[in-house]
Amino acid sequence: MEACAPEPELRAAAGLVFVEDLDSPRLSADDAHHLGDVLRLKPGETVAAADGSGSWRTCAFIASTAPARSRGSSLRRGTEGRFGLEAAGAIRHGERALPEVEIGFSWAKAERTEWAVAKLVELGVDVLTPLVSDRTVVRPDTDGARRREQRLRRIVREAAMQSRRPFLARIGATESLDDVAGRSCLSSVALAEPGGGAVSLETPVVLVGPEGGWSPRELALVDNLVSLGDGVLRVETAALAAGTLLTALRAKALRTPS
């Protein structure tokens, strides 16, 4: 399936938020604060509300005249119902572009990993998988990994809102290459490795190892190798290159290698 251009109404909306119920869209406290206090939207401006699974509708931003609480209040002002949404357009149901694209990447330093996740979501990558490989240097313990995974899920949501994507990318728990190989059809998985072949939609799951490279043991697990250039790339650069090529091929913005 060819990826479609963004809906004009989504692009034109003053913002996009995710809600639990599209029939009765309600802003979370954080989203109310962002739209009303940070973006300072005016009543009547259009906001898109999405459910994260591709369905969305346009809404009118509304603001009440209720007085704000005192400065000493520990509650964020948006929690008082000063800002809300009023459903306007019909609910629309988008279709996810196929094939589903997954990028797995070795853990790196926090800011580098978070940057990569945000950019991959903007590109339209469907699944993001943090990896711990044989040569991964950054190895958060169980609690640390959970905290970082939770932080990455927030970044996924924020990046989808910024790029007007009604689908939320999935990001799961940290896995090893063995885990990914065990749950996926190996013919669809490729390792990013110098000297490999061209990136192709035949292998829409591309895994990026640490800057020290994959171990011989890991290279023996997967037959498909793809090259992302003639240099040694940092983890986040390689992940972004793989995501860019796969999503561009899917959108037919690039020619498939003959």
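Student: Is Asp178 buried, exposed or partly exposed?
Tutor: Asp178 counts as partly exposed, at 35% relative accessibility. Buried means under 20% relative accessible area, exposed over 50%, and partly exposed in between, with a 1.4 Å probe and protein chains only.

Student: What sort of model is this?
Tutor: This is a predicted model, in which local features need pLDDT of at least 70 and side-chain atom pairs count only at pLDDT 80 or more, while totals for chains, interfaces and linings use all residues. Residues are numbered from 1 along each chain as its sequence is written, and side-chain values use heavy atoms, leaving out hydrogens and water.

Student: Which residue forms a salt bridge with Asp178?
Tutor: Arg217 does, with the closest N and O atoms 2.9 Å apart. This pair links distant parts of the chain, as Arg217 is in helix α6 (residues 216–219) and Asp178 in helix α5 (residues 177–183), 39 residues apart. Arg217 is also partly exposed, at 39% relative accessibility. Helices (H or I, at least four residues) and strands (E, at least two) are DSSP runs, numbered from the N terminus.

Student: How many salt bridges are there?
Tutor: The count is 16 salt bridges. A salt bridge is a side-chain nitrogen of Lys or Arg within 4 Å of a carboxyl oxygen of Asp or Glu.

Student: What does Arg112 meet in a salt bridge?
Tutor: The side chain of Arg112 meets that of Glu236, at 3.0 Å from N to O. The two are 124 residues apart and link distant parts of the chain, with Arg112 in helix α3 (residues 110–123) and Glu236 in helix α7 (residues 235–250).

Student: Are those two buried or exposed?
Tutor: Arg112 is buried, with a relative accessible area of 15%, and Glu236 is buried at 10%.

Student: Where does Arg234 come in?
Tutor: The side chain of Arg234 forms a salt bridge with Glu236, at 3.6 Å from N to O. Salt bridges that share partners join Arg112, Glu211, Arg234 and Glu236 into one network.

Student: Changing topic, which peptide bond is cis?
Tutor: The bond from Leu98 to Pro99 is cis, with omega near 0 degrees. Pro99 is in the loop between β5 (92–93) and β6 (102–106). Most peptide bonds are trans, and most residues other than glycine have a negative phi.

Student: What is the phi of Arg40, and of Lys252?
Tutor: Arg40, which is not a glycine, has a positive phi of about 55 degrees. Arg40 lies in the loop between α2 (29–38) and β2 (46–50) and is exposed, at 62% relative accessible area. Lys252 has a positive phi near 60 degrees. Lys252 lies in the segment after α7 and is exposed, at 60%.
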